[in-house]
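Have the model open and follow along.

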Amino acid sequence: MKEINLDGIGITQTNEIFYNLSYDELFKHETDSSLEGFDKGLVSELGAVSVDTGRFTGRSPKDKYIIEDDVTKDTVWWATGEASGSDNKKLSPEAWAHLKEISVKQLNGKKLYVMDGFCGTNADTRMCVRLVTEVAWMAHFFKNMFIRPTDEELENFKPDWTILNACKTTCTDFKKYGMHSEVFGAFNIKERMTCIGGTWYGGENKKGIFSIMNYFLPLKNIGAFHCSANQGKDGDTALFFGLSGTGKTSLSTDPKRALIGDDEHGWDDEGIFNFEGGCYAKCIDLTEEKEPGIYAAIKRDALLENLDIDESGKIDFTSDKKTQNTRVSYPIHHIDNIVKPISKGGHPKNIIFLTCDAFGVLPPVAKLTKEQAMYHYLSGYTAKVAGTELGVKEPQATFSACFGKAFLLVHPMKYAEILSQKMEEHGSNAYLINTGWVSGKYGVGYRIPIKDNRVTIDAILEGSLENTEYEMLPTLNLSIPKSLPGLESDVNPRNSWEDKEAYDETAQKLAEMFINNFKNFIDTEKGMDLVSSGPQL
């Protein structure tokens, strides 16, 4: 192994540096009996190591900062304080210097794990990323999620970006620097570095780099999208956009199609390419019957987060004792049916937007025009249901631009314009699919079974929905097929509601939410032009 020198980032005192450990070596380190607290991993009955991430069981968007300087001042989509806007809060160079100082201080003199990996399968646009951490399982998470270099590639590896994960430290004087709390995920684009403190959530490592790819690629007019992708036997590629809980990972992991990736992709002149070397799937209510691919991926080398596991290693997948957002990360080769040897595909024939509509008024499927695709992509709608978050008692609409607002570093319109341009160039079709409720809202109707969603997606991918007969769904302004063989529920959602007046009222309520949210985008001529493509009152 080559020797690693961290002097250039200020880490001059180290007990030991473990560089790009193998999975077997990481397993020994993260399950060491001398470990305590959140450092310690427990071996589950399925062979995967399980860890806890403390009070942060998801990202902390309120603690995300971008250093404002002459590079970022006019290129970053900055937060304005509005709930529907950006999460990119400004941080001064002085505050950055302090956060870097306390991060380096935390890591200095410790036993460290250094991991190198790639983000992006295309050699000309990929980012060489280095993680420095004192937590063995964080190194394991990185190894799962980033593309693993060969020994030859590691010999000449030079990081384009460095992550200092100092999760055990906090910024106690955060008010002095105008910060939200003592927790931080700070990005310095000029210095090519991230400092993380106060949160143990593994996803901060990968999503932070996704945000950075979301900065550099769109400025080159390359698509950077929060979506999964798969490929049919004839080489046809499909994209699946959707927020957490909408089925993005589950529905793209299809036994009939090869997986390209489950979360983050680019779209350039050659086609679709994966950013990652692994998958990060939700585990709540996971069963072998419902999601055999993901269940089978939970084995040695996979890493579980925040699952309810007893001392014997038995897993209760139904338990939300720690969080609804239970997760597993695993290397992509844990899925048998994947695109090999490189996670890439051609230009997508079909683009699918997934939304979990807890109001129960959206149809199981709707075909979108190019303008409607831009409208719904910019809207990024889904709905939270009762019980998923503290205080949520009724369905709550969530609008997250580009189905990934938290990861956008430039203005959403830029991503939408690139998507529209690519769709136009390559004749891509777009569809909206409801993975949420029918026959009534949450608590009255029922959630569409995953097998029905698969029937709909199969019809799209096989081409049978391209030329079928359509009708217009008023208010929501969506074009829906008059029939869809094999679907248990009615394609027209109004027909499945017992109380038709209640459906009309709820549809109007959701339409108003769409219209109010889209006011965020009517400050441009393009945004104004798209208003007629959305719901109409």
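F241 and Y377 are both buried in this predicted model. Their rings make an edge-to-face pair, with 5.4 Å from centre to centre and 75° between the planes. F241 belongs to strand β12 (residues 237-241) and Y377 to helix α8 (residues 370-379), so the pair ties together parts that are 136 residues apart in sequence.

Elsewhere, ring pairs join up into a cluster made of Y375, Y381, F399, F514, F518 and F521.

Rings also get visits from charged side chains. R126 lies over the face of F118, 3.7 Å from the ring centre, while K143 has its charged end over the ring of Y23, 5.3 Å from the centre.

Now back to F241, which is among the residues in contact with H226. So where does H226 sit, and is it buried or exposed? You'll find H226 in strand β11 (residues 223-231), and its relative accessible area is 8%, under the 20% cut-off, so it counts as buried. Its side chain reaches the backbone oxygen of F403 at 2.5 Å, and a polar contact of 3.4 Å joins it to the side chain of K207. Beyond its neighbours within four places in sequence, H226 also touches other residues, including F210, D263 and F407.

Note on methods: Residues are numbered from 1 along each chain as its sequence is written. This is a predicted model: local features need pLDDT of at least 70, side-chain atom pairs count only at pLDDT 80 or more; totals for chains, interfaces and linings use all residues. Side-chain values use heavy atoms; hydrogens and water are left out. Rings of Phe, Tyr and Trp (its six-membered ring) pair if their centres lie within 6.5 Å; planes under 30 degrees apart count as stacked, over 60 as edge-to-face and the rest as tilted. Helices (H or I, at least four residues) and strands (E, at least two) are DSSP runs, numbered from the N terminus. Buried means under 20% relative accessible area, exposed over 50%, partly exposed in between (1.4 Å probe, protein chains only). A charge sits over a ring if NZ of Lys or CZ of Arg is within 6 Å of the ring centre and within 35 degrees of the ring normal. A polar contact is a pair of N or O atoms within 3.5 Å; within protein, one must be able to donate a hydrogen and the other to accept it, and residues adjacent in sequence count only if both atoms are side-chain atoms. Contact means heavy atoms within 4.5 Å.
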